[in-house]
Amino acid sequence: MSHSTKSLPEHGHLTACHECDLLVNLPHERVGYRLKCPCCGYVIVDTRYDALGKTLAASLAALLLFIPANLLPIMAINIGDMGQSTTVLQGAQLMWQAEYFWVAFMVVLTAFIVPLLELSLLLSITVLAKLRRGMGFVVSAVKVYQKIRSWGMLEVYMFGILVSIVKLVDLADLVVNGGLYCFGGLLFCSTYAAASFDPHEVWEIVDETKH
């Protein structure tokens with residue numbers, strides 16, 4: 001997604017609609033403002049109060065939960081005298097050993113690497129934007145975040161865990177461990193961070209630092 005905002009002293013700020021490229025005047029006061037394109041109806045600006053602060057807090061909380069969510073066992077399965085508990089990464093390791101290579105790779109990519117990268121980028125973007133520093137890195141980080149965000153699939157992994165619990169509950173003794181609660185908290189915080197992130201606010205800060 002490209003960004004184009006122009007400063008015109010006599011008319012305030014203009015921005016281009018990302019869908020139809022129509023130039024639209026932006027109001028000077030944009031806190032809590034929602035602006036739709038008069039031509040195609042695309043939401044050009046949707047600012048929420050202190051969106052950066054909300055994104056910063058949620059991404060930081062998600063990163064703190066990321067560690068126990070991946071190190072603590074999700075659940076334990078007991079059948080007779082046999083029992084086993086696994087973490088997310090141990091589950092991927094077992095799939096690899098069973099020669100489900102692509103499945104193991106996709107689990108690690110979508111449930112570990114991409115979510116960790118997404119949260120790290122969101123935290124870096126919001127901290128630097130609030131400090132008005134490192135705008136070159138912020139621009140690159142926003143572009144990378146927007147390209148990789150569709151690859152993070154924590155909710156799909158969580159759905160798979162819940163389906164497994166429902167299907168196994170009559171076949172074995174299941175014990176839910178702390179990792180599942182941390183994973184649920186991680187999913188909630190990461191979803192809230194992504195939903196509250198407003199790239200328009202970041203682009204405006206980038207523009208302000210240029211002048």
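This is a predicted model: local features need pLDDT of at least 70, side-chain atom pairs count only at pLDDT 80 or more; totals for chains, interfaces and linings use all residues.
To find it, select Met75, Ile77, Thr86, Gly91 and Leu94, which lie nearest the centre of the pocket among its 20 lining residues. Then colour β6 (75-79), β7 (82-86), α2 (88-97) and α5 (154-168): each of these elements gives two or more residues to the lining. Sorted by class, the lining comprises 12 nonpolar and eight polar residues, with no charged ones.

Next, select helix α3 (residues 101-131) together with α4. Their axes come within 9 Å and cross at roughly 150 degrees, and α3 passes α4 in a left-handed crossing. To see the contact, show side chains on both helices. From α3, display Val114, Leu117, Glu118, Leu121, Leu122, Ser124, Ile125, Leu128 and Ala129. Facing them from α4 are Met135, Phe137, Val138, Ala141, Val142, Val144, Tyr145 and Ile148. This contact has 15 nonpolar residues, one polar and one charged.

The crossing of α4 with α7 is left-handed. On the α4 side, pick Met135, Val138, Val139, Val142 and Gln146; on the α7 side, pick Pro199, Val202, Trp203, Ile205, Val206 and Thr209, which they meet. By class, nine residues of this contact are nonpolar, two are polar and none is charged.

Terms used:
Residues are numbered from 1 along each chain as its sequence is written. Side-chain values use heavy atoms; hydrogens and water are left out. A crossing is left-handed if the near helix is turned anticlockwise from the far one by less than a right angle, and right-handed if clockwise. Helices (H or I, at least four residues) and strands (E, at least two) are DSSP runs, numbered from the N terminus. Contact means heavy atoms within 4.5 Å. Ala, Val, Leu, Ile, Met, Phe, Trp, Tyr, Cys and Pro count as nonpolar, Asp, Glu, Lys and Arg as charged, and the others, Gly among them, as polar. On a 1 Å grid over the protein atoms alone, a cavity is a set of points where a 1.4 Å probe fits but cannot get out, and a pocket is an open set with protein on both sides within 12 Å along at least five of seven lines; lining residues have an atom within 4 Å of a point. Axes are lines fitted to C-alpha atoms, for helices over the stretch in contact, and angles run from 0 to 180 degrees between N-to-C directions.
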